[in-house]
Amino acid sequence: MYHDDRQSLKETGQKGDFLLPFVAVNTIMPDFYTTYPMHWHDEMEIVYVETGEYEEFVDLERYHVKQGDILLINPCVLHSFRNIDNKRTFFRSVIFSMSMLSSNNTDSCSIKYFTPFLDNMYINPVVISSDAENYDLLYQSVRKLIDLYDKKEDFFELEIKSELFRMFHILFKYFLIPEEHESTMKDNTTRNIKTILDYIAVNYMNPITIEELAASVDLSKHYFMRFFKKYMGMTCIEYINDYRLNIATNLLLTTSMQITEVASSIGITNLSYFNRIFKKKYNMTPKEYRYNIDNRK
């Protein structure tokens, strides 16, 4: 099983369902894809790395993540990841809405903990390694959440909600640090990046120029290109291609569209160019990719 929720930069799809906005998903690299483009979502995400290592980008910072690490990705935070040297990596992600911890009535938990947390008044370590103090407590809680979701035994929804409160007790007691809001400069940078990525997410199926993207955040073309490369770790064209290819793999996986239709639907009208960039990223052609997927079912 592999992660396949790739179609929007700001992931607006419901994680879980209305009654239980909670999922635990698997991600395997480099099986069929090696990167996941920059995005964010309203839910919180906790990642546990079962095997391997990879690079995770969270809130404009780069992290080298390895086996045993736990990642804390807060709601609405920009993040992406990519494979390292085709090393086989497997990690589990717990993604849930913070609404699961809210109450119809304001209480001390919301006032003292959850509201300040959502207002970025607490700073948490992004990566918690296995040698960190009190790591075992957090690991056991995350592992239990994953197991509860996988097994779905009677009354598991109650136990998931209970375990989420227990996990946050551990986080607040041992890992979260009260701190003032981050600088305005970083806030502006994040806002500009989200605007740029939103523009790409809405217009990826059409030709996109650097001039258009620069204008969306009121920057000159020259400064925009430096700005994008500095904070995204790749050129704008590389990002657009990567974003388009992640959507293309999902279409190859879930539809019977012809290769030419897939390419056209993501804004690439030159089939040879589509095949070339696809093979560069996945080490196989779109046709070979689809064949390998079909034979794994």
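Contact here means heavy atoms within 4.5 Å. This is a predicted model, where local features need pLDDT of at least 70, side-chain atom pairs count only at pLDDT 80 or more, and totals for chains, interfaces and linings use all residues. Residues are numbered from 1 along each chain as its sequence is written, and side-chain values use heavy atoms, with hydrogens and water left out.

Start with the whole chain. The protein chain has ten helices and eleven strands. Both are DSSP runs numbered from the N terminus: helices are H or I with at least four residues, strands E with at least two. Of the 297 residues in the protein chain, 50% are buried. Buried means under 20% relative accessible area, exposed over 50%, and partly exposed in between, using a 1.4 Å probe and protein chains only. Take the contacts between residues at least 6 apart in sequence: 72% of them join residues at least 24 apart.

Next come the cores. A nonpolar core is a set of buried Ala, Val, Leu, Ile, Met, Phe, Trp, Tyr and Cys residues joined through side-chain atoms within 4.5 Å. The largest has 41 residues, and Leu197, Phe224, Tyr239 and Phe274 touch the most other members. At least two residues each come from helices H4 (184–203), H5 (210–216), H6 (221–232), H7 (236–254), H8 (259–265) and H9 (271–282). H7 gives the most, with nine residues. A second, separate core has 37 residues, including Ile95, Leu148, Phe175 and Leu176. In soluble globular proteins, nonpolar side chains tend to be buried together.

Of its 19 residues, 16 are buried, so H7 is largely enclosed by the rest of the structure. Its end C-alpha atoms are 27 Å apart, which agrees with the 27 Å that its residues should span at 1.5 Å a residue. The expected span is 1.5 Å times one less than the number of residues.

H7 meets H9. Their axes come within 11 Å and cross at roughly 90°. Axes are lines fitted to C-alpha atoms, for helices over the stretch in contact, and angles run from 0 to 180 degrees between N-to-C directions. H7 is therefore roughly perpendicular to H9, a label for angles of 65 to 115 degrees. On the H7 side, the contact includes Asn241, Asp242 and Leu245. On the H9 side, Phe274, Ile277 and Lys281 are among the residues taking part.

The loop between H4 and H5 holds Met205. Met205 is partly exposed, at 32% relative accessible area. Neighbours within four places in sequence aside, Met205 is in contact with Ser265, Ile266 and Gly267. Its C-alpha atom is separated by 7.7 Å from that of Ile268, 63 residues away along the chain.

Now turn to H3, residues 156–175. This helix has 20 residues and reaches 27 Å from first C-alpha to last, close to the expected 28 Å. Its buried residues include Phe156, Glu163, Phe168 and Phe172. Ile170 also lies in H3. At 4% relative accessibility, Ile170 counts as buried. Beyond neighbours within four places in sequence, Ile170 is in contact with Leu137, Leu138, Ser141 and Phe175.

H3 packs with H1 (residues 108–118) at an angle of about 80°, their axes 12 Å apart. That makes H1 roughly perpendicular to H3. Tyr113, Phe114 and Phe117 of H1 meet Phe165, Phe168 and Phe172 of H3.

Note on methods:
Angles under 35 degrees count as roughly parallel, over 145 as roughly antiparallel, 65 to 115 as roughly perpendicular and the rest as oblique.
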